[in-house]
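Visitor: I am new to this structure and would like a short tour of it. Could you take my questions as they come?

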Amino acid sequence: MYVRDRMFRNVITLSPGDTLAVAMRAVAQGGGHGPPGFAVVLDQMRLVGLLTEFDMLKWIVQGRDPHSKTLREMRLSAPVSVREETPIQELIDLYNQRRFRRFPVLNEDGVLSGGIMEKQILAALPRTSLLIQFQVADMISPPLPEVGPDVSYREAAKLMMGWHRGCVVVVADHVMVGIVTERDLIRLRMEPDWDPERPVSSFMSHSINYLTPETDLLKALDFFVETTHRRIPVAEADGSFRGLLTQTAVLNAMVQSARSHQAVLNPESIPEPALWFTPDDKHAILAINAMGGKLLQLNPEEWAGRSAEDLMEDPDVLDALHVLLRNCGHIDNLNLPVRTGAGNRLCVASSFSLVNTPSGGSRIFWSIGEETHCSAPKFGP
């Protein structure tokens, strides 16, 4: 999959001479010119800057006059662009290296043709049963971006910038009663009767979508892809606030995890043929990457949910492996005969790891190495 398969074509564009007020309205509203929260600054069709809602939040806290200051006078983020033909996995690697969340996209002539953000990257990741083993509680971390109802606009903006958060949750008696986003602050700043001492209770959103700590990561991913939310509060059923889940946290969990955990979101990040299955007596296959499917001559999607025993010449070997893995955690360089999806017999150098997830679940990670020699070329019909 390539960037062109997931990018959006309409991008909000601004010029260096535009005032902050013009930029704030464009980025906060979005509309037909592109999704809100992201704009590209062009000078004679040349990319000179990137603009986000967090940049505007910073300028509000700094006391910049939106009607007199222009983008030319501001320090803009340097844009890091990608090409339409850039592979998605390469984009994920770039995201990991540079920590940019939004990328302008250029066509083969080097001309701006669209953009891509975290939501589009999340949408490109494969949905596997591995995701169900992780919970939202595994992805949230302090600080808790919460404020009381009487906190002023000015103080809320300062806290959001200090915490580097795109929103604050308004809490009374430990229960969520509202939410304020950076977009809310930008829009309010443009109103004629703007008052920096106005309490957040007077303009917060009272309708709050939230996830519970036990929600599995697959449902959380689908929520981000299917809605316009970039972050979502995490709370108990009674409304007790527990933290904030963001698209950034999910992607960071993928790119920062240890090698055997990388497949939480993207099995294709494993650089060799690999398969994951449950350690219980069913040995249900959770995921197979494309390299594993090619080596084992099977369709990964069709085999998801089937038993890994169907790939073994001796199915009892999996029970023995599980016993060993419970004691040592890892088995390396095991020469193992297997049966492919096409019925052929292979011998492969295999390594197995028992991986425990933060939520207390476990799975077996099977790294499939080079093919070795076997005598019988074919299993039965």
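**A strand pair and its sheet**

Guide: In this predicted model, tryptophan 276 has phenylalanine 365 in S16 as its bridge partner.

Visitor: How many bridges join S12 and strand S16?

Guide: S12 and strand S16, which covers residues 362–372, are paired over four bridges in the antiparallel sense.

Visitor: What is the order of the strands in the open sheet?

Guide: The open sheet has five strands in the order S13-S12-S16-S15-S14, and the pairing is antiparallel. S13 and strand S14 (330–339) stand at the edges with a single partner strand each, so one side of each has no neighbour in the sheet. From one strand to the next, the twist averages 30 degrees.

Visitor: Which strands does helix H11 lie across?

Guide: Helix H11, residues 316–328, lies across S12, S14, strand S15 (345–356) and S16. Helix H11 runs at about 175 degrees to S14.

Visitor: Where is histidine 283 found?

Guide: Histidine 283 is in the loop between strand S12 (274–277) and strand S13 (285–288).

Visitor: Is histidine 283 buried or exposed?

Guide: Histidine 283 is buried, and its relative accessible area is 0%. Apart from neighbours within four places in sequence, the residues in contact with histidine 283 include Phe277, Arg306, Glu309 and Leu318. The side chain of histidine 283 also reaches the backbone oxygen of aspartate 280, at 3.1 Å.

Visitor: Let us turn to helix H1. Which of its residues are buried?

Guide: In helix H1 (residues 20–29), the buried residues are Leu20, Ala21, Ala23, Met24, Val27 and Ala28.

Visitor: One last topic, strand S6. Why is it largely enclosed by the rest of the structure?

Guide: Strand S6 (residues 112–117) is largely enclosed because five of its six residues are buried. Strand S5 (residues 102–106) pairs with S6 in the antiparallel sense over five bridges, and valine 105 stands opposite glycine 114 in S6. The hairpin of S5 and S6 has five residues between the strands, and glycine 110 there takes a positive phi near 80 degrees.

Terms used
Residues are numbered from 1 along each chain as its sequence is written. This is a predicted model: local features need pLDDT of at least 70, side-chain atom pairs count only at pLDDT 80 or more; totals for chains, interfaces and linings use all residues. Side-chain values use heavy atoms; hydrogens and water are left out. Buried means under 20% relative accessible area, exposed over 50%, partly exposed in between (1.4 Å probe, protein chains only). Helices (H or I, at least four residues) and strands (E, at least two) are DSSP runs, numbered from the N terminus. A polar contact is a pair of N or O atoms within 3.5 Å; within protein, one must be able to donate a hydrogen and the other to accept it, and residues adjacent in sequence count only if both atoms are side-chain atoms. Contact means heavy atoms within 4.5 Å. Two strands pair if DSSP finds at least two bridges between them. Axes are lines fitted to C-alpha atoms, for helices over the stretch in contact, and angles run from 0 to 180 degrees between N-to-C directions.
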